[in-house]
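I opened this entry to record what I looked up in the structure, working from the overall fold to single residues.

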Amino acid sequence: MSAGAPREFTDLLNRLEAGGSINCRDCSDFLMAYLDNDLGQDVRDRFEQHLNKCCSCRNYVETYRQTVKLAQEACCPKANPHLGKCPPELISAILSALGRPS
Ligand SMILES: [Zn+2]
């Protein structure tokens, strides 16, 4: 379901190509794409490199995974796997209530 990368994502790729690295802000911006496997392998590698050295992002990923799991279970009982994913708006609302890493 890739209808062209969002502009922020193109910016990130350009930055990585220019020798930049993923920072905490990128982690929070692209976490959803990362967990959905929407990132290319090279970007995933960079993402994981950052996670390996940044424990606040690691915690954030863990919190996010748990949140998504709980939200999906709440929205989509296991008996109804075809209902699809929980609305991203709901997940972001929960996450902003939890607070993002700075
Ligand atoms: Zn970080």
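**Overall fold**

I worked from a predicted model throughout.

I then looked up burial and found that 12% of the 102 residues count as buried. For contacts with a separation of 6 or more, I recorded that 54% join residues 24 or more positions apart.

**Packing of α2 and α4**

I next asked at what angle helix α2 and helix α4 pack. Helix α2 covers residues 24–35 and helix α4 covers residues 55–75; the angle is about 35°, and the axes lie 11 Å apart. I noted the crossing of α2 past α4 as right-handed. On the α2 side, I listed C24, C27, S28, L31 and L35 as the residues that make the contact. On the α4 side, I listed S56, C57, Y60, V61, Y64 and R65. By class, the residues of this contact are 8 nonpolar, 2 polar and 1 charged.

**The largest nonpolar core**

Which residues make up the largest nonpolar core? I found 11 in all: L12, I22, C27, F30, Y34, F47, C57, Y60, V61, Y64 and V68. Both α2 and α4 supply at least two residues of this core. The largest share, 5 residues, comes from α4.

I followed Y64 further. Leaving aside residues up to four places away in sequence, I found that Y64 touches L31 and L95.

I located C54 in the loop between α3 (41–53) and α4. Is C54 buried, exposed or partly exposed? I counted 17 other C-beta atoms within 10 Å of C54. A buried residue needs 20 or more and an exposed one has 12 or fewer, so C54 is partly exposed. I also checked C54 against N23: the two are 31 residues apart in sequence, while their C-alpha atoms are 9.2 Å apart in space.

Definitions and conventions: Residues numbered from 1 in each chain as written. Predicted model: local features only at pLDDT ≥ 70, side-chain atom pairs only at ≥ 80, totals over all residues. Axes fitted to C-alpha atoms, helices over the stretch in contact; angles between N-to-C directions. Helix = DSSP H or I, 4+ residues; strand = E, 2+ residues; numbered from the N terminus. Left-handed = near helix turned anticlockwise from the far one by under 90°. Contact = placed C-beta atoms within 7 Å. Nonpolar A, V, L, I, M, F, W, Y, C, P; charged D, E, K, R; others polar. Core = buried A, V, L, I, M, F, W, Y, C linked by C-beta atoms within 7 Å.
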